[in-house]
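The sequence and the model are shown below.

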Amino acid sequence: SQRESQAIRNDTKQTLYAIKQVRGKMSALDVQLYCVRGLERLLASIVSRATKFNQKEVVRRVLSEQEAQKSKWGKSDPSAIRTIYTIMSTKALQKAIHLASVDAA
């Protein structure tokens, strides 16, 4: 019915707004309140922007650490840089695991 269609559109708008509020971090959404199934096409740009932001953040942190090491010791320590990258990668892995558990539920 028209009323049901309007309710679905409203739910979709609320879900998209909530995703924008958490800047595409799907793991931050309350899965009891929001369902993103069927909205993948609409979410692609939001999630893509969040992924690009995360990738840029990793690069920024690695370069910043590298620069700090060079100014302090005159060279960079690959193991310390690897640690920073691993920490950032672990966050991405945790997010993927969370999303997989939401999908399984």
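Which side chain does a polar contact of 2.8 Å join to that of Gln69? The partner is the side chain of Glu65. A polar contact here is a pair of N or O atoms within 3.5 Å; within protein, one atom must be able to donate a hydrogen and the other to accept it, and residues adjacent in sequence count only if both atoms are side-chain atoms.

## Basis of the model

This is a predicted model, in which local features need pLDDT of at least 70 and side-chain atom pairs count only at pLDDT 80 or more, while totals for chains, interfaces and linings use all residues. Residues are numbered from 1 along each chain as its sequence is written, and side-chain values use heavy atoms, with hydrogens and water left out.

Gln69 sits in helix α2, which covers residues 40-73. Helices (H or I, at least four residues) and strands (E, at least two) are DSSP runs, numbered from the N terminus. Gln69 counts as buried because its relative accessibility is 2%; buried means under 20% relative accessible area, exposed over 50%, and partly exposed in between (1.4 Å probe, protein chains only).

The side chain of Gln69 also reaches the backbone nitrogen of Asp77, at 2.4 Å. Not counting residues up to four places away in sequence, Gln69 touches Gly74, Lys75, Ser76, Asp77, Ala80 and Ile81. Contact means heavy atoms within 4.5 Å.

## The chain as a whole

The chain has 3 helices and 0 strands, and its elements run α-α-α from the N terminus on. Of its 105 residues, 19% are buried. Among contacts between residues at least 6 apart in sequence, 42% join residues at least 24 apart.

Helix α1 takes in residues 2-21, and its 20 residues should span 28 Å at 1.5 Å a residue; the end C-alpha atoms are 29 Å apart, which agrees. The expected span is 1.5 Å times one less than the number of residues. Thr15, Leu16, Ala18 and Ile19 are buried in α1. Seen down the axis, the buried residues of α1 fall within an arc of 160°, so they line one face of the helix; the arc is that of the directions from the helix axis to the C-beta atoms.

On the other side of α1, the exposed residues are Gln2, Arg3, Lys13, Tyr17, Lys20 and Gln21. Just after the helix, Arg23 takes a positive phi of about 55°. Thr15, with a relative accessible area of 6%, is buried. Leaving aside neighbours within four places in sequence, Thr15 is in contact with Tyr34, Cys35, Val36 and Leu39.

The structure holds 2 salt bridges, a salt bridge being a side-chain nitrogen of Lys or Arg within 4 Å of a carboxyl oxygen of Asp or Glu. Arg60 meets Glu57 at 3.2 Å, N to O, and both lie in helix α2, 3 residues apart, about one turn of the helix. Arg60 is partly exposed, at 43% relative accessibility.

Arg61 is partly exposed too, with a relative accessible area of 38%. Arg61 forms a salt bridge with Glu57, with the closest N and O atoms 2.9 Å apart. Salt bridges that share partners join Glu57, Arg60 and Arg61 into one network.
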